[in-house]
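Please look at the sequence and the three-dimensional structure shown here. The report is written for a reader who is new to protein structure.

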Amino acid sequence: MNENLVLGVDLGSSYIKGVIGSRNEEGKVSIKAVHTQKSKGIEKGLIVDTMALRECFFPFVRQLLNKAGLTKVVVKKFYVFNSYRKMKSVTTDVIRNFEEQEISQSLLDEMCEESLKNPTSNSYANLESILQAYIVNDSVPTLSAEGKYATSLKARYTLVIGNKEGENNLYKAISCGNKDVAENACSHFLSFASLGEVVLTKKERVKGALLLDFGGETTTLAFYSQMSLRSLSVFDFGGNDITRKLMEEFSFSREQAEQLKIKCGVKPRVGEIAMEISGVKTIVNLAQVSECINKIVDSQLSQIELFCQDNNIIPRTMRIVLVGGGAKCVGISEKIQTIFGKEVVGGYPTCLNENLSSLDKKECQKFLDYSKLCAILKSHDENCIEEMPEPTPQKKGKSRFSLDKLVDALDNATNNIWGK
């Protein structure tokens with residue numbers, strides 16, 4: 001293989017989504033294969049059944065590799081995103097005072113590393129540090145400080161933090177209990193700086209854009225302004241709340257509730273349809289179904305609105321950008337635009353080599369689900385997949401685990417499913 005291929009996985013409560021692709025020198029992303037399937041063992045973003053997740057995860061990886069035409073390969077590493085971390089953002093400052101000197105890039109890098117070490121909470125881990133601005137000699141904030149002469153420098157960062165809870169369950173699920181394997185193979189990483197670059201234009205990142213990612217069990221809010229992430233929060237609600245409410249109110253099966261959720265959306269509906277519910281032919285009033293859906297969505301959006309008010313986000317926003325499965329809900333853009341008074345658009349990846357304008361609407365909408373996966377590809381160029389080496393005779397006795405033998409260890413634990 002002549003290109004560095006990255007394998008990224010988005011572990012959601014409803015679906016597992018995966019991508020294999022690469023990033024070129026210009027930062028453009030090429031997708032070799034994507035795959036989606038129902039997930040198991042995850043509720044509200046939290047891994048609650050490691051065995052169930054394991055049973056669906058490894059066949060999923062194999063199918064993703066097969067889609068990419070990669071059969072005789074070994075997987076050295078993969079990048080996984082899981083919303084169990086309950087991510088949010090805090091602001092942190094790093095200050096340096098010194099004799100007058102020229103500010104170097106190495107100094108800026110050191111300050112960024114220091115910001116990641118700033119203590120936040122015992123239950124939270126620091127995941128990413130995103131620059132807001134430099135203040136040189138108490139002057140006006142700037143995004144560029146290298147090469148300037150100064151006696152003082154303050155760097156302000158948005159620190160993305162996430163709850164540590166559930167990390168052991170993820171290790172158990174992907175490594176059959178072998179933590180050494182998990183720590184070497186799996187990196188929990190989704191750069192929100194890259195996510196903004198993937199779905200937002202430069203103008204949106206400068207003038208202000210509110211990114212809403214609607215998932216099955218969680219909804220993520222990320223606000224970008226002046227070329228930086230300014231605020232982040234993950235809410236404990238999503239599209240599955242609608243499904244469960246429809247099942248409760250109308251005695252629908254899960255499949256029926258999902259179908260009506262998609263059919264009705266949040267647009268007012270009239271008329272009736274005949275359905276078989278629990279073996280009985282029943283007339284369903286679509287207006288009542290629509291009213292039920294809208295009550296739930298209105299409650300969810302009111303929580304987002306309150307967060308935006310508390311953080312003064314909407315006055316600084318030029319438009320709202322929607323991604324995730326919920327972004328495809330019929331009428332959701334119009335409803336959000338009415339509530340917030342801002343233009344609402346779909347967040348399609350802007351970093352792709354492929355031209356989305358050549359796709360029909362249905363195909364194009366799929367890319368609303370791929371935003372986080374594209375951000376993983378844009379963040380990394382380390383090769384995760386290699387051609388399978390020729391087998392070598394094994395020496396007797398114990399051997400110390402090494403990254404080179406990662407696939408062998410995983411194969412022994414998971415019945416040889418890592419692409420072989």
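The sections below describe the chain as a whole, then a helix contact, aromatic rings, and some loop residues.

## Overview

The structure is a predicted model. The protein chain contains 13 helices and 19 strands. It has 420 residues, of which 50% count as buried.

Contacts between residues at least 6 apart in sequence can be sorted by how far along the chain they reach. Of these contacts, 67% join residues at least 24 apart.

## Two helices in contact

Two packed helices are described by the angle between their axes and the distance between the axes. Helix α5 covers residues 192-199 and helix α12 covers residues 371-379; their axes come within 8 Å and cross at roughly 115°. An angle from 65 to 115 degrees counts as roughly perpendicular, and α5 is therefore roughly perpendicular to α12. The crossing of α5 past α12 is right-handed.

On the α5 side, the contact is made by Ser 194, Leu 195, Glu 197, Val 198 and Val 199. On the α12 side, the residues are Ser 371, Lys 372, Cys 374, Ala 375, Lys 378 and Ser 379.

## Aromatic rings

A pair of aromatic rings is described by the distance of the centres and the angle of the planes. The count of aromatic pairs in this model comes to 4. One of them joins Phe 57 and Phe 58, whose ring centres are 5.4 Å apart. Their planes stand at 85°, and because an angle over 60 degrees counts as edge-to-face, this pair is edge-to-face. Both Phe 57 and Phe 58 are buried.

Another pair consists of Phe 235 and Phe 307, with ring centres 5.8 Å apart and planes at 85°, so this pair is also edge-to-face. Phe 235 lies in strand β14 (residues 228-235), whereas Phe 307 lies in helix α9 (residues 286-310). The pair therefore ties together parts that are 72 residues apart in sequence. Phe 235 has a relative accessibility of 10% and counts as buried. Phe 307 counts as buried as well, at 18%, because buried means under 20% relative accessible area. Together with Phe 237, Phe 235 and Phe 307 form one aromatic cluster.

## Residues with a positive phi

Most residues other than glycine have a negative phi. Asp 138 is not a glycine, yet its phi is positive, at about 60°. Asp 138 is found in the loop between β9 (124-136) and β10 (149-163). Is Asp 138 buried or exposed? Its relative accessible area is 71%, and therefore Asp 138 is exposed, since exposed means over 50%.

Asn 312 is another residue other than glycine with a positive phi, near 50°. Asn 312 is found in the loop between α9 and β17 (319-323). At 43% relative accessibility, Asn 312 counts as partly exposed.

## A loop lysine and its contacts

Lys 40 is placed in the loop between β3 (29-38) and β4 (42-43). With a relative accessible area of 49%, Lys 40 is partly exposed.

Which residues does Lys 40 contact, leaving aside its neighbours within four places in sequence? They are Ala 52, Leu 53 and Cys 56. Lys 40 and Ala 52 are 12 residues apart in sequence, and the distance between their C-alpha atoms is 5.6 Å.

Technical notes. Residues numbered from 1 in each chain as written. Predicted model: local features only at pLDDT ≥ 70, side-chain atom pairs only at ≥ 80, totals over all residues. Heavy atoms only, no water. Axes fitted to C-alpha atoms, helices over the stretch in contact; angles between N-to-C directions. Helix = DSSP H or I, 4+ residues; strand = E, 2+ residues; numbered from the N terminus. Parallel < 35°, antiparallel > 145°, perpendicular 65-115°, else oblique. Left-handed = near helix turned anticlockwise from the far one by under 90°. Contact = heavy atoms within 4.5 Å. Phe/Tyr/Trp six-rings, centres within 6.5 Å; stacked < 30°, edge-to-face > 60°. Buried < 20%, exposed > 50% of the residue type's maximum accessible area, 1.4 Å probe, protein only.
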